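Subject: Structure handover

Hello,

Here is the structure I said I would pass on. My notes on it follow below.

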Amino acid sequence: MEALNNLMFGFGIALEPMNIAYVFGGVFAGTIIGMLPGLGPISALALMIPITFAMEPSSGLILMAGVYYGAIFGGSSSSILLNAPGVAGTVATSFDGYPMAKQGMAGKALAIAAYASFVGGTISIVFLMMVAPLLSRVAVAFGPAEYFALMVLGLTAVVSLSDKSLVKGLIAAVVGIMISIIGIDLQTGTVRFAFGSAHLLDGIDFLVVALGIFALAEVFYMLLRGGGGKEPERNAIGSLKLTRHEVREIAGPISRSSVLGFFTGVLPGAGATIGSFLGYSMEKRIAKDGDTFGKGNIKGVAAPEAANNAACTGSFVPLLTLGVPGSGTTAVLLGALLVMGVSPGPAMLVDRPDVFWGVIASMYIGNIMLLVLNLPLIPYIAKILEMPRPLLLSLILIFCMVGVYGMSFTVVDLLFLLGFGLVGLGMRLFGFPAAPLILALILGSIMEESMRRALQISGGDWMTFIDKPISMWLLIIAALSLLLPLVKPLMRKLRARA
Amino acid sequence: MTAKFTSRGLTAIVLPLAALTGLAGTAQADDWTPTRSIEFIAPANPGGGWDTLVRTTSRVIQQEGLADQNFAAINVPGGGGAVAWAQIAGDSGNPHKLFATSPPIILVPLAGTSRYDHTDFTPIARLITDYSIVLVPMDSEYQDLNDLFDAMRESPSMSVGGGSAPGSMDHIAIAGVASAAGLEASGVNYIAFSGGGEAMTNLMGGHVEAVITGAGEAAGQLGPDSQLRALGVSSPERMGGPLADVPTYQEQGIDYTFDIWRGVMGTPDMPAEAVAYYEDLFAQMLETEGWQEARDQLGWLDAYQNSEEFGAFLDAQKEEFSGVLTELGLIR
């Protein structure tokens, strides 16, 4: 009941005409920022700090939060249409979204992404509202040992992400981990694999690799196949409508991934990217038609999209209840709030309920706006596929290059983009799956750092991973998910014999 | 007819222009002013301390109308600053390029990951300072800094978290105070997290025993409902606001202070007139109301030093840091 009263209070703030305008402006700008590869929410929000300075803190946060979740919402478009993830959190969306677009179902894929994002976003706001203060305990319960176990569990998805050859999937994953090691090692300050170049000290940005291996490799692949660009079915957008059967099919994945995504988002450092991968691989494993994932399965679009939006909302839990940022984006938000004279933390619920509840209420409004804004736009956005192929390919190239250059303003990253494009092309030609590489790249560095941190705290005692219950259970689940696929055929054989 | 008209029109334009350039010419002789917009570089991603400093000062200078030219905030992330420094070092003498700086300009080169150090650049001014603060969870048995250090003497594996790599700011800050308290600097089991926020959640979850971080960053965490307790702050005198109750290290009998200063530097061999111009500009900025408001909100303290003082201060800091790093075995 109290939550309802508070929410009403929040809506009172969020529904002020100026704030409605800010929500709209935020989600609109966010959608566009999200669609453009490379231009992520972090840099957009940093640019907005001077604008928000003079605003009421609640309005400022409403605007900036809108940009953030708007970008995650919009990022799916370029993943689906161009195989070029708009933001890091939508990489997994391209696994099935892009094949759907190629099969002439771009409209449907975009619609599913929009519905899943909306549901994921809305479910997670309910969670945020009801249990945020309690959840702050979940956020801090994860120390280095627990993170290590979670990353191990995440990495077991390599098995389900390597389509035909497990060995090739594992090779790709190892390469991903090797890339994640590049740069200054946080535990010792040692520089690894930088070859004396200052540009490699911070490692290689995840989006550079993702854009190269997915988008650029796709461009190269199409160029290589050549053939005048006659692909009639590719140019069809298809219908936006979902059949009743399809709605029933994606309802499960969306609700499961929303919950999973939200909890991943709550954990500082995990966030939308990991959430979407976990959602995707979970659905692939439990689906009866799991082998059609990666070939244009609608559940493969629904799951990561619900998860990444839920994770985005989840990442507000540590920010608003503990005052600590869980991701780069929320770090910028924290900075902006401090500049506006609000310090988020346990006291904020008491001191500035207008900010807390105003933002939560605005998120409901923002998610509805995003849905209403995006659905009618789908036919127009998808028109990009009707472009003549030479134009489309050049456009993808330009998007990727501008995006990568805009992240760091160095030409070196463009060379890496090109290099990873060629690597991606080679992987495609020789049948190496790209998803395990990307997954390992995301999880690898957190896994390594957490493991070494945990051991440093425990004085080198490996039992720390088993002594802590959360870590132990995560490791058991990881072991089970590795063993079950082996045991299943064995059981079947035994049963057949008996 | 037309020709005549044009030439008349031209003289009409040229005359005032000549007068203007003439004026500017004489002004340049003793009093340099920027002729185009100034690139103000934050050698890191948006959101961190350098970035906040760059954006806040640019905004205040603009709002208060202190400079005719625009200050453009630019992020050049990479290598803890090394990428930006390498870029700026190659732009010798350019009077239109500045960057935000803090202890890493000394620590990163000492760690061997930057070819350039503070002596390669022109000090402009030190602006502000923050201090470091030692935190424990509310339910911790340690009531003051000496309790904590006694316990660390007993069990050397006790973990202290910080938000940066070994040999960088947080590590030096805790190793320095531990050493002043009679412990061995290298005996501190320092756990490096990838940011102050991550260190803080690990402290709240009880995964590490204590955390060292910036006092400004911690201020928002300390209040009536706080889950954390501050054991000591590295300032020479007590700080204000929510930190008024936190005793200094010196009050607890440990003779040690640590400044997390931030300032502005320019390109190598920047002309002296330009340095003088910026020195004055930043000194003026510190006096404005807009600055004082922003400064208080961010929990910063003014700590102005002009170019010469700042240069000498940087040299002294390098001495001090090398000493601690040698003790830690991080430089040989």
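Before the helix pairs, a convention: axes are lines fitted to C-alpha atoms, for helices over the stretch in contact, and angles run from 0 to 180 degrees between N-to-C directions. This is a predicted model, in which local features need pLDDT of at least 70 and side-chain atom pairs count only at pLDDT 80 or more, while totals for chains, interfaces and linings use all residues. Residues are numbered from 1 along each chain as its sequence is written, and chains are lettered from A and ligands numbered from 1 in the order in which they are written.

Helices in chain A

Helices (H or I, at least four residues) and strands (E, at least two) are DSSP runs, numbered from the N terminus. The axes of H3(A) and helix H4 (residues 57–82) of chain A come within 10 Å, crossing at roughly 165°. That makes the two helices, H3(A) and H4(A), roughly antiparallel (over 145 degrees; under 35 counts as roughly parallel, 65 to 115 as roughly perpendicular and the rest as oblique).

Contact here means that the C-beta atoms of two residues, placed from the backbone, lie within 7 Å. On the H3(A) side, Pro41(A), Ala44(A), Leu45(A), Met48(A) and Thr52(A) meet residues of H4(A) that include Leu63(A), Met64(A) and Val67(A). This contact has nine nonpolar, two polar and no charged residues. Nonpolar covers Ala, Val, Leu, Ile, Met, Phe, Trp, Tyr, Cys and Pro; charged covers Asp, Glu, Lys and Arg; the others, Gly among them, are polar.

H3 (residues 41–52) of chain A also pairs with helix H16 (residues 328–339) of chain A, their axes coming within 9 Å and crossing at roughly 5°. H3(A) and H16(A) are therefore roughly parallel to each other. Among the residues making this contact are Ile42(A) and Ile49(A) of H3(A) and Val332(A) and Leu333(A) of H16(A). By class, the contact of H3(A) with H16(A) has nine nonpolar, four polar and no charged residues.

Core

A residue is buried if 20 or more other C-beta atoms lie within 10 Å of its own, exposed if 12 or fewer, and partly exposed in between. A nonpolar core is a set of buried Ala, Val, Leu, Ile, Met, Phe, Trp, Tyr and Cys residues joined through C-beta atoms within 7 Å. The largest one has 275 residues, of which Ala106(A), Leu211(A), Ile438(A) and Leu439(A) touch the most other members. Helix H6 (residues 106–141) of chain A gives this core its largest share, 20 residues.

Chain B and the interface

Chain B has eleven helices and ten strands, and its C-alpha trace spans about 100 × 45 × 30 Å along its principal axes. Of its 332 residues, 52% are buried.

The contact between the chains takes 47 residues from chain A and 45 residues from chain B. On the chain B side, H7(B) gives the most, with six residues. That side has 18 nonpolar, 22 polar and five charged residues.

Positive phi

Asn83(A), not a glycine, has a positive phi of about 65°. Asn83(A) is buried, with 24 other C-beta atoms within 10 Å. Asp269(B), also not a glycine, has a positive phi of about 50°. Asp269(B) is exposed, with 12 other C-beta atoms within 10 Å.

Regards
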